[in-house]
Amino acid sequence: MLLTSRRLRAALLAVASATLVAATLPPPAPLGIGDPLFPYLGNPGYDVLTYDLDFTYGGDNTKPLDAITKIDARATERLDRINLDFTHGEVRSVEVNGAAAAFVTADEDLVVTPPRPVATGSRIRITVHHTSDPSGPGGGWLRTADGLAMANQADAGHRVFPGNDHPADKAYYTFRITAPARLTVVANGLPEGKTRHGANTTWVYRTHHPMATELAQVSIGDSAVVHREGPNGLPVRDVVPAADRELLEPWLRKTPDQLRWMERQVGPYPFETYGVLIAGADTGFELETQTLSLFERALFTRPEYPEWYVDAVMVHELSHQWFGDSVSPHRWSDLWLNEGHATWYEARYAAEHAGKPLVDRMRSAYSRSDGWRAAGGPPAAPEPPTAGQQISLFRPVVYDGSALILYALRQEIGETAFQRLERDWVRDHRDSTATTADFVSLASAVAGRALGDFLGPWLYGKKTPPMPGHPDWRSTAPAERTAAR
């Protein structure tokens with residue numbers, strides 16, 4: 001006769017209870033929060049407060065990592081089921097408030113049925129034992145020459161860990177990553193210590209500000225971590241392939257001055273640390289992961305990229321720490337607020353430091369703006385990404401086509417009011433999310449007059465409106481369908 005332990009019996013009873021509950025409910029289905037561009041991203045019914053992500057990396061970046069994701073959340077409605085965004089990994093078990101829960105998958109949702117319904121307003125602790133698979137296309141884990149990094153934008157966070165994969169639900173993060181002791185691990189936020197046990201080391205990092213799932217970053221590799229000081233004592237931490245430490249130093253030392261330049265434009269840096277993560281991978285993009293922006297190595301080593309261009313790209317990702325990271329889009333159609341602002345400050349930096357006139361770049365953008373709008377929709381109402389190619393959302397219209405809106409607004413309200421608007425925007429919405437309507441409202445308040453009629457055609461029109469101060473500008477270029485960086 002085989003006697004089970006009390007804990008095992010309780011777990012089996014809990015699973016049986018949850019299974020019975022699940023049988024009385026409608027069939028599980030993927031849910032979303034109504035984002036028109038990503039209809040099944042995010043989940044209704046709860047607000048995530050914290051993520052505790054535990055990854056174990058064995059040293060082979062082709063094999064799945066063992067992982068435990070713990071989510072602390074608050075229910076915003078009664079929940080008979082809890083939907084989490086998750087795909088591309090094996091789920092081994094789920095607990096809700098310490099009790100085993102039944103679970104199934106529905107498309108790219110993990111649908112969890114707790115033993116008893118969760119009451120409105122109550123706290124929830126969800127624990128998922130799973131794998132996290134770096135293989136296959138679609139983003140999430142990025143395999144590098146010596147390990148792994150993350151590239152979760154726009155909707156790939158749930159290929160790495162279960163959660164509420166939409167920037168509307170930001171949360172605090174703790175990362176616990178175990179890897180072979182010969183490797184270095186870095187993640188968003190600041191280090192909280194590391195522990196050696198046998199051939200492995202566990203590293204712990206914690207964020208001091210809330211973060212969207214798309215901005216999570218974990219780097220595992222043969223890396224050098226370079227420390228220096230930024231403005232007002234800000235810790236600046238760069239992560240580069242160890243073999244390239246000296247080669248990349250001329251670029252790394254630029255960051256403190258770039259931080260100072262951005263602070264002169266929009267105010268204090270919004271986070272606890274900053275730095276660049278240079279990965280040995282060919283990505284075709286750079287990414288503003290919070291406190292640790294991701295760059296591909298080739299940007300800094302290929303001779304065809306002039307120094308002024310690389311500098312401007314560095315400032316583009318840096319400016320995202322204010323625009324996109326600290327102030328996150330409430331819906332993905334608000335993406336223009338991220339990329340338009342980052343492109344604006346990229347162009348401004350190139351104008352001031354490399355003699356690349358802003359007016360020339362804006363005139364060129366204007367000439368192509370109608371084509372961009374025809375190909376990808378207007379800046380604040382972009383066309384959905386191509387199925388299976390979510391990165392196609394990042395089209396020229398959300399970069400220079402959106403910076404053009406900021407140029408037009410500055411022309412309309414003047415330099416002084418525009419500078420005040422920019423500073424007020426990042427201050428008023430720090431550590432939060434904001435919408436296009438919020439921006440129009442604040443711009444109107446700063447200008448002292450309603451700007452909806454002026455900004456509406458710039459944001460939503462199929463044709464580019466006349467540029468204030470430049471009646472001779474014309475938009476004549478044919479449609480372009482090339483995805484932007």
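Strand 6 and strand 7 (residues 109–113) pair in the antiparallel sense, over five bridges. Strands here are DSSP runs of E with at least two residues, helices are runs of H or I with at least four, and both are numbered from the N terminus. Two strands count as paired if DSSP finds at least two bridges between them. Within this pairing, Ala106 stands opposite Asp109 of strand 7.

This is a predicted model: local features need pLDDT of at least 70, side-chain atom pairs count only at pLDDT 80 or more, and totals for chains, interfaces and linings use all residues. Residues are numbered from 1 along each chain as its sequence is written, and side-chain values use heavy atoms, with hydrogens and water left out.

Next come two helices. Two packed helices are described by the angle between their axes and the distance between the axes. Axes are lines fitted to C-alpha atoms, for helices over the stretch in contact, and angles run from 0 to 180 degrees between N-to-C directions. The axes of helix 6 (residues 335–354) and helix 8 (residues 400–413) come within 7 Å and cross at roughly 75°. Helix 6 and helix 8 are therefore roughly perpendicular to each other; that label covers 65 to 115 degrees, while angles under 35 count as roughly parallel, over 145 as roughly antiparallel and the rest as oblique.

Which residues of helix 6 and helix 8 make the contact? Helix 6 supplies Trp336, Gly340, His341, Thr343, Trp344 and Arg348. Helix 8 supplies Asp400, Ser402, Ala403, Ile405, Leu406, Tyr407 and Arg410. Contact means heavy atoms within 4.5 Å. By class, the residues of this contact divide into six nonpolar, four polar and three charged. Ala, Val, Leu, Ile, Met, Phe, Trp, Tyr, Cys and Pro count as nonpolar, Asp, Glu, Lys and Arg as charged, and the others, Gly among them, as polar.

On a 1 Å grid over the protein atoms alone, a cavity is a set of points where a 1.4 Å probe fits but cannot get out; a pocket is an open set with protein on both sides within 12 Å along at least five of seven lines; lining residues have an atom within 4 Å of a point. Grid points are joined across faces, edges and corners, and a volume is the space filled by probe spheres set on the points.

The largest pocket has a volume of about 1000 Å³. Its lining has 50 residues, and Gly138, Gly139, Asp155, Gln390 and Ile391 lie nearest its centre. Strand 9 (140–143) and helix 5 (307–319) are the elements that give two or more residues to this lining. Strand 9 gives the largest share, four residues. The lining has 22 nonpolar, 15 polar and 13 charged residues.

The whole structure has two cavities of 30 Å³ or more. The largest cavity holds about 80 Å³ of space. Of its 14 lining residues, Asp146, Ser219, Ser223, Ile278 and Ala279 lie nearest the centre. The second largest cavity has a volume of about 50 Å³. Strand 20 (327–329) and helix 6 each supply at least two residues of its lining.
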